[in-house]
Amino acid sequence: MKAEIREIRTCPLCGQTYGAVPALSRTDNKTLICPDCGTRQALRSIGVDEKEQEQIIETIHRHTQE
């Protein structure tokens, strides 16, 4: 069985460390960002306000905790 090696990264947008698969920033299509910032960018692109973005991210965290 192949062992999964997680690289710990620091998000250049929010400064948080994360070990999940990174998202690709929508602003330049080059920068790797944390999944939460990737979700925020996606939600912002469809007009979701910041308060609702945070509620959605909290819901995601509640349902994906390992």
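Biologist: Which residues does Cys 11 touch, not counting residues up to four places away in sequence?

Modeller: This is a predicted model. Cys 11 belongs to the largest nonpolar core. Leaving out residues up to four places away in sequence, Cys 11 touches Gln 16, Tyr 18, Ile 33, Cys 34 and Cys 37.

Biologist: Which residues make up the largest nonpolar core?

Modeller: Residues of such a core are buried and joined through side-chain atoms within 4.5 Å. The largest one has 6 residues. They are Cys 11, Tyr 18, Ala 23, Ile 33, Cys 34 and Cys 37.

Biologist: In what order do the elements of the protein chain run from the N terminus on?

Modeller: The protein chain has 2 helices and 4 strands. From the N terminus on, the order is β-β-β-β-α-α.

Biologist: What percentage of the residues of the protein chain count as buried?

Modeller: Buried means under 20% relative accessible area. The protein chain has 66 residues. The share that counts as buried is 21%.

Biologist: Is Thr 17 buried or exposed?

Modeller: Thr 17 lies in strand S2, residues 17-18. Exposed means over 50% relative accessible area. Thr 17 has 55% relative accessibility, so Thr 17 counts as exposed.

Biologist: Which residues does Thr 17 touch, not counting residues up to four places away in sequence?

Modeller: Thr 17 and Cys 34 are 17 residues apart along the chain, and their C-alpha atoms are separated by 7.9 Å. The contacts of Thr 17 are a separate list. Not counting residues up to four places away in sequence, it holds Ile 8, Arg 9 and Thr 10.

Biologist: Where is Asn 29 found?

Modeller: Asn 29 is not a glycine, yet its phi is positive, about 55 degrees. Asn 29 is exposed, with a relative accessible area of 55%. Its place is the loop between strand S3 (23-24) and strand S4 (32-33).

Biologist: Why does Ala 42 count as partly exposed?

Modeller: Ala 42 lies in helix H1, residues 35-45. Partly exposed covers the range between buried, under 20%, and exposed, over 50%. Ala 42 falls in that range because its relative accessibility is 22%.

Biologist: What separates the C-alpha atoms of Ala 42 and Gly 19?

Modeller: Ala 42 and Gly 19 are 23 residues apart along the chain. Their C-alpha atoms are separated by 20 Å.

Biologist: Why is H1 oblique to H2?

Modeller: Helix H2 spans residues 50-64, and its axis is 10 Å from that of H1. Angles over 145 degrees count as roughly antiparallel, and 65 to 115 as roughly perpendicular. H1 and H2 pack at about 135 degrees. That makes H1 oblique to H2.

Biologist: How do the residues of the contact of H1 with H2 divide?

Modeller: H1 passes H2 in a right-handed crossing. H1 brings Asp 36, Thr 39, Arg 40, Leu 43 and Arg 44, while H2 brings Gln 53, Glu 54, Ile 56, Ile 57, Ile 60 and His 61. The residues divide into 4 nonpolar, 3 polar and 4 charged.

Biologist: Which residue with a positive phi follows H1?

Modeller: H1 covers residues 35-45. The residue that follows has a phi near 85 degrees. This is Gly 47.

Key
Residues are numbered from 1 along each chain as its sequence is written. This is a predicted model: local features need pLDDT of at least 70, side-chain atom pairs count only at pLDDT 80 or more; totals for chains, interfaces and linings use all residues. Side-chain values use heavy atoms; hydrogens and water are left out. Buried means under 20% relative accessible area, exposed over 50%, partly exposed in between (1.4 Å probe, protein chains only). Contact means heavy atoms within 4.5 Å. Axes are lines fitted to C-alpha atoms, for helices over the stretch in contact, and angles run from 0 to 180 degrees between N-to-C directions. Angles under 35 degrees count as roughly parallel, over 145 as roughly antiparallel, 65 to 115 as roughly perpendicular and the rest as oblique. A crossing is left-handed if the near helix is turned anticlockwise from the far one by less than a right angle, and right-handed if clockwise. Ala, Val, Leu, Ile, Met, Phe, Trp, Tyr, Cys and Pro count as nonpolar, Asp, Glu, Lys and Arg as charged, and the others, Gly among them, as polar.
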